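Subject: Structure handover

Hello,

Here is the structure I promised to pass on. Please open it next to this email and follow along.

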Amino acid sequence: MLGVDENAVEPVGFTTAQVHAGTEPDAAFGSRIPPVYLSAGFVFDDFDQARDRFAGDEPGYTYSRSGNPTTAAVERRLAVLEGGAVAPNAEAIVVGSGQAALSVALLGILQAGDHVVSATSIYEGTRGLLRDNLARLGIESSFVVDANDPDAWRRAIRPETRLLFAEPIPNPTNDLVDIEAIARVAHEAGIPLIVDNTLATPYLLRPFEFGADIVVHSASKFLSGHGTALGGVIVDAGTFDYSARPDSFPHLNTPQRALAGRTYVETYGRSASVAYTRQVVASRFGPTLSPFNAFLLQQGLETLSLRVAQHSRNALAVAAWLEGRPEVESVDYAGLASSPHHVLALKYLPDGQGSVFSFTLRGGEPAARAFHDALRLFSRMTHLGDVRSLVLHPASTTHTLLTEQERLANGIGPGLLRLSIGIEDADDLIRDLARGLAAVRALEPAALAG
């Protein structure tokens, strides 16, 4: 059982929650699907209601940048799916993109002078955010090469470290991370662990069950599934005690004028961080999710388990097929028994190992180019988690700003291609990949050498 939906009278399973959690028929007209409230603002009944809404003394909406009924419905559902029985008081915030979700989550905790420790094997856009953007704000970051060495994390922590960050399924190298071990290190140091769960989704992995404190997603990917809209989500477990080290989190432990002289911890308890993140960071920076995009996200969530199960079955079939091809040097997929991360896959991802992975062709970039351009069913594009299968060459696209030495250090060789396996028939996908391998074999030996 996943947990208790606020609108249910007993525990429900994941698939039931993904369809029903957080919503009920529209009270005015009986619509079963939550309406799209395309309204910038909301009318107040009178002077006193306007005052009370702004003071937080009366529930309700004031302006869509701060909250909207459509986005609130999808937030409730996401909180149930990620929180489950382990974190029933989890709270979600939806924003305009996955990158916005991570930025808002980080800025809800960090300030100038703070320090972040992250796994090295992460999405390159996240690395740039930590290395470049946060550095301009006076926030330093360190990167742990062996993310599954708890002592490496301990050595990287400084007195000014305020959070640890990791991706359970890193993009694109699929070298799984031991979330439980990292969470233990974070809590020993009295700091939270933030996890980007985009590639696993809460159907395959719920990081709160292994000690994570905050989860972020690019909702543009598997949560939506249809590739039509951007979105991001932050889910806070509501379990981390920010009052235990008040000097480390002063913004949550000092009196606030907006709270009539009370602190966020006094006012919201274990929900202090998510309340601050919603009210002060998300609302003021304004990466608002469109109500229409929230509606599209909610439609996608209703089939999440069905899609992700098919994604994972297809990916395993494709990875196993690629592993047996002589043109392929290696396949980075934790679902394969040959993977050095297979034991972690059995622990964290027993219901499927996701659909995003990479493989390396013998012959370097010329082979990757020939393979890439010969495909007909796979879409050549920078996206993940679509129902359609996608292919990309990271060394010449997402990781092009790195030096060759940096790319190789991160496992991104010239012959590496990233796949996001969709929900098509696996036989059709394999037939298309065979077409790509035929194009590699057709290359002249001189072209492969060059």
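Helices (H or I, at least four residues) and strands (E, at least two) are DSSP runs, numbered from the N terminus. This is a predicted model, in which local features need pLDDT of at least 70, side-chain atom pairs count only at pLDDT 80 or more, and totals for chains, interfaces and linings use all residues. Residues are numbered from 1 along each chain as its sequence is written, and side-chain values use heavy atoms, with hydrogens and water left out.

T201 lies in helix α8 (residues 201-204). T201 is not a glycine, yet its phi is positive, about 65 degrees. T201 is also buried, at 1% relative accessibility. Buried here means under 20% relative accessible area, exposed means over 50%, and partly exposed is in between (1.4 Å probe, protein chains only).

A260 is another residue other than glycine with a positive phi, near 55 degrees. It sits in the loop between α9 (250-253) and α10 (264-268). A260 is exposed, with a relative accessible area of 74%.

There is a cis peptide bond too. It runs from N171 to P172, with omega near 10 degrees. P172 is in the loop between β4 and α7 (179-188).

Two strands pair if DSSP finds at least two bridges between them. An open sheet of 7 strands has the order β1-β7-β6-β5-β4-β2-β3, with mixed pairing. Its edge strands are β1 (91-95) and β3, each pairing on one side only. The twist averages 20 degrees from one strand to the next. Axes are lines fitted to C-alpha atoms, for helices over the stretch in contact, and angles run from 0 to 180 degrees between N-to-C directions.

β1 and strand β7 (residues 232-236) pair in the antiparallel sense over 5 bridges. E91 has D236 in β7 as its bridge partner. Helix α11 (residues 272-285) packs on the sheet and touches β1 and β7. The direction of α11 makes about 20 degrees with that of β1. Contact means heavy atoms within 4.5 Å.

Helix α5 covers residues 124-136. At 1.5 Å a residue, its 13 residues should span 18 Å, and the end C-alpha atoms are 18 Å apart, which agrees. The expected span is 1.5 Å times one less than the number of residues. α5 bends by about 30 degrees at L130. That bend is the angle between axes fitted to the seven residues ending there and the seven starting there.

The buried residues in α5 include R127, L130 and L134. Their cover includes α4 (98-107), β2 (115-119), β3 (140-144) and β4 (161-166). Just after α5, G138 takes a positive phi of about 85 degrees.

I122 lies in the loop between β2 and α5. I122 is buried, with a relative accessible area of 1%. Not counting residues up to four places away in sequence, I122 touches R127, L130, F143, F165, E167 and N171.

Strand β12

How many residues of strand β12 (residues 416-420) are buried? The count is 5 of the 5, so β12 is largely enclosed by the rest of the structure. L416, R418 and S420 point one way, and L417 and L419 the other. Strand β9 (residues 356-361) runs antiparallel to β12, joined by 5 bridges. Strand β11 (residues 390-392) is also antiparallel to β12, with 3 bridges. R418 in β12 stands opposite S358 and opposite L392.

Best wishes
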